[in-house]
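Dear colleague,

Please read them with the coordinates open.

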Amino acid sequence: MSHKKFSVINTPVHNIDGIAKVTGRATYTFDVKLPGMLYGKILRSPHPHAKIINIDTTRAMELPGVHAVVTGKDTLGIKQGIWRRYEELCDEQILPLEKVRYIGEPVAAVAAVTEEIAEAALDLIDVEYEVLPAVYEPLEAIKKDAPTIHEGVERNINVTRHIEWGDVDEGFEQADYIREDWFKCSGQHHMCMETRAAVSNFTPEGKLTVWTSTQSAYYHQALLAGVFGLREGDVRILAPYVGGGFGGKFEIDSAQFCSGILSMKLHKPVKIVLTREEDFIASKRRTPMFYYVRTGMKKDGTFVARESRMFSNGGAYTGMGATALYLSGFFHSFPYKWQSYPYDGYRVYTNTMPSTSMRGFGAPQAMFCSEQQIDWMCADLGLDPFEVRRKNGHTEGYEVPGQAFIASCGLEQCINEIEKWVKSKGKLPANRGIGISSCGFMSGGIFNWFDSPYSFSSAVITINVDGTVELHVGCQDIGQGSNTTMAIIAAETLGVKVEDIRVHSGDTAHCPADLGAWGSRQTLMAGNAVKMACEDAKKQLLEFAYAEMGINIVYDLDIKDRWVHIVARPERGMKYEDLVKKALRAKDGQRIMGRGYYTPHRKGMISPAYSYMMQAVDAEIDPETGKIKIHEVMTAHDCGQPINPLGLIGQLEGAASMALGYAYLEDMPFEDGKMMNPNLVDYKVIRAPEMPKTDIIEIDTYEPEGPYGAKEAGEGLTNPTAAALGNAVFNALGIQMKELPITPERVRKALAEKKEAQK
Amino acid sequence: MKKQVLTFRVNGDEYEILIHPKTLLADAIREHVGLTGTKRGCDTVSCGACTVMVNGMSVKSCSVLAIQCEGMDITTVEGLEENGKLSPIQRAFLDNGSYQCGFCTPGMLMSSTAFLNEMGDKKPSEEEIRESIEGNICRCTGYNSIVRAIDAVAQGKYKEE
């Protein structure tokens with residue numbers, strides 16, 4: 001197959017910013033220091049729900065070293081949100097004017113000559129609150145007599161989402177077996193190693209520059225311009241190295257907003273870095289979800305009907321949570337051909353920190369419910385869970401009714417590979433089980449609630465006289481390696497080497513707009529833009545090559561490994577760098593430039609392409625203590641054509657660690673609206689000794705919409721793990737885990753209930 | 001409390017800085033010496049992003065006062081390379097893709113370097129390698145690529161000719 005003949009793609013290359021990262025040269029927003037810079041601190045609400053009666057900043061202002069104290073009154077009072085097209089979903093004033101809605105919400109901010117003075121000044125701000133009744137759980141908040149969190153929002157229902165196809169009543173009538181379950185999926189914190197941070201510098205020209213740890217420089221340019229009443233072009237966002245994102249860094253955060261307001265007031269640079277505790281209590285989190293799932297199956301395992309209702313704990317504001325509501329419902333149907341599927345999602349406001357997108361975007365929760373229930377039904381009916389998944393699974397050419405078209409799909413091969421692997425393990429010792437889960441994920445969203453007037457992705461390349469290439473992209477590298485991916489695609493397309501490409505990203509003043517790093521969109525969307533830009537430039541170069549080499553126009557010319565040649569006779573050609581020099585002269589000195597863009601069209605409701613996978617988790621559970629030991633995670637994965645093999649393994653292993661954390665370790669318990677473990681002693685993440693072996697089997701498919709056949713890789717791998725661990729526990733001990741995370745307490749409780757039921 | 005003079009060596013260079021006695025070593029390195037490779041990711045000595053070597057031992061630099069390091073030798077990530085030549089563990093990190101966002105990487109490298117130095121020619125088990133970086137959180141990689149890199153160095157794959 002022609003798509004296999006690559007010089008650069010799918011060969012092991014070092015990450016292009018690797019040397020910067022292993023030598024300490026990589027500087028993050030956390031490291032930015034400007035002359036005359038002040039330090040900011042934020043005063044946060046101790047109440048989950050309270051009216052702000054008065055804020056007196058007099059005493060704080062008197063503290064030597066304090067330059068400014070700002071409150072909501074210093075802002076334009078604009079209610080903002082990332083769902084810009086929908087005014088009612090723009091519901092958050094960072095530094096609110098009237099009331100606070102969660103513990104940790106900013107109420108005032110200070111800029112001072114040192115962080116210590118700014119911190120001390122916080123104690124001198126006098127805030128008078130009128131405490132209001134609060135509500136923390138969605139199923140409480142939708143009750144008639146629950147406190148109103150946002151005026152005019154009935155029953156605190158923030159957004160609803162309905163997805164439906166097929167006739168569900170008819171479907172259930174055909175079912176031989178119907179089962180219904182309730183599930184409770186917890187939140188999870190992004191816990192980026194670099195906490196949210198910003199350095200804002202507003203200068204007397206009326207222009208604002210913000211260094212910030214972001215997943216989308218363009219979103220922040222547009223959003224900050226909006227809340228500060230500036231023109232987008234007068235706001236420059238610089239995203240230097242970014243210390244992780246995972247879905248938590250593309251809405252305006254308090255570091256960005258407060259440093260911006262302070263800098264605009266003072267005309268001085270102001271830096272704010274959230275402490276780990278602030279980052280935990282007052283950023284955002286994976287959306288906690290309650291799922292009701294009713295599923296109908298025929299005796300032979302055919303899926304005929306599924307009906308789901310989901311209530312999510314939206315916390316105090318909308319943010320990206322509205323997207324998670326839709327995607328959770330959509331991926332809850334994945335990766336199967338349901339004859340009928342109605343989903344109703346309700347995102348409910350509560351007096352807790354807002355919830356939002358996080359790696360997997362609602363799908364890990366959806367799969368936890370779906371994939372476990374399928375296994376339980378298989379057990380109830382005596383069916384083989386691999387066979388049932390194969391029977392109902394998506395295949396190439398399938399259309400999810402009214403939602404999506406599946407152009408490439410390696411699900412069946414994934415199931416076959418994992419089945420082989422599980423069977424090769426033979427009989428397992430007592431208290432040990434292997435659980436499986438399959439799923440799929442998107443390669444970028446095609447919805448435009450942000451109302452971006454720009455193409456979803458853009459790229460510009462310029463070729464220097466010596467053949468080196470400047471590649472300008474708007475996509476954002478947050479550690480996932482997108483700069484390297486783009487360099488690989490550029491090098492492959494243009495016919496040069498990765499070291500010939502310098503990638504410029506994370507600067508709105510020099511890079512084209514791009515929606516940024518979310519929803520697994522960059523490899524496909526930015527990758528297509530880069531490919532198009534390089535093809536544009538290459539075409540121009542080859543025009544000169546035809547003239548220069550004086551060859552018959554029916555011959556095809558190409559460039560590979562810096563060699564311009566006739567495809568049929570590769571030995572006949574010229575050096576790429578010589579061609580570039582000549583082309584420059586021929587163009588009156590103008591450099592060769594190529595432009596590319598990508599905006600999805602006619603690709604359904606969700607995404608242009610879908611990846612597929614099946615994962616198996618091998619776990620041992622101590623029935624006395626309930627403690628879980630993970631032995632191994634095995635994944636079969638269809639991401640189309642892999643681009644960067646080293647990066648792909650890194651994504652797989654990283655996703656497994658984050659998803660295992662979600663499955664059995666990470667939890668965010670709240671009491672009266674207060675997060676009880678906002679530090680890294682009590683918030684447990686996977687550490688090196690607990691991390692199991694995580695191997696991968698790559699399934700070979702080709703996605704026609706993706707650059708060189710590539711699609712999503714990395715985010716979707718967060719989806720199957722919690723479900724697979726749940727199924728491992730079920731297979732080992734016969735207990736059904738309906739609540740996340742699967743803690744020792746919950747295992748012990750389920751075992752006790754099982755014992756009780758057997759009496 | 002009055003500020004005090006601290007004299008110590010960082011990556012072989014002698015520094016004399018005037019600090020508040022409560023200044024943490026991490027802040028002395030970042031703010032006073034001006035080397036920002038050393039990061040901070042928590043306030044509870046939990047994440048290991050600030051790990052440096054003090055007289056060859058790996059230490060979380062947010063857990064000691066700078067003033068306690070009077071006369072001592074500090075090595076930070078910037079001190080691992082020699083005149084642009086990367087150390088074995090740095091090269092192994094590149095080859096194994098043992099970093100993603102890179103924020104934990106300096107601390108990870110310092111824990112690994114101290115561990116490998118301590119091992120000398122002894123080949124550590126996988127369990128020992130994992131324990132050597134237990135104090136360092138990485139949110140991106142899932143650690144296994146880091147374990148492979150440390151193992152590769154321990155197995156002598158990056159020995160100088």
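Two strands are taken as paired here if DSSP finds at least two bridges between them. Please keep in mind that this is a predicted model. In chain A, strand 25 (residues 563-566) and strand 26 run antiparallel and are joined by 4 bridges, and within strand 26 of chain A it is A:Lys575 that stands opposite A:Trp563.

These strands belong to an open sheet of 3 strands in chain A, ordered 24-25-26 with antiparallel pairing. Strand 24 (557-560) and strand 26 (569-575) of chain A each have a single partner strand and stand at the edges, so one side of each is left without a neighbour in the sheet. From one strand to the next, the twist averages 35 degrees. Helix 14 (residues 522-549) of chain A lies across strand 24, strand 25 and strand 26 of chain A, and runs at about 115 degrees to strand 24 of chain A.

The other finding concerns helix 10 (residues 363-381) and helix 17 (residues 721-733) of chain A, whose axes come within 7 Å and cross at roughly 30 degrees. Because angles under 35 degrees count as roughly parallel, helix 10 and helix 17 of chain A are described as roughly parallel to each other, and helix 10 of chain A passes helix 17 of chain A in a right-handed crossing. Among the residues that meet there are A:Met367 and A:Phe368 in helix 10 of chain A, and A:Gly726 and A:Phe730 in helix 17 of chain A. By class, this contact between helix 10 and helix 17 of chain A has 6 nonpolar, 3 polar and 2 charged residues.

Definitions and conventions:
Residues numbered from 1 in each chain as written. Chains lettered and ligands numbered in written order. Predicted model: local features only at pLDDT ≥ 70, side-chain atom pairs only at ≥ 80, totals over all residues. Helix = DSSP H or I, 4+ residues; strand = E, 2+ residues; numbered from the N terminus. Axes fitted to C-alpha atoms, helices over the stretch in contact; angles between N-to-C directions. Contact = placed C-beta atoms within 7 Å. Parallel < 35°, antiparallel > 145°, perpendicular 65-115°, else oblique. Left-handed = near helix turned anticlockwise from the far one by under 90°. Nonpolar A, V, L, I, M, F, W, Y, C, P; charged D, E, K, R; others polar.
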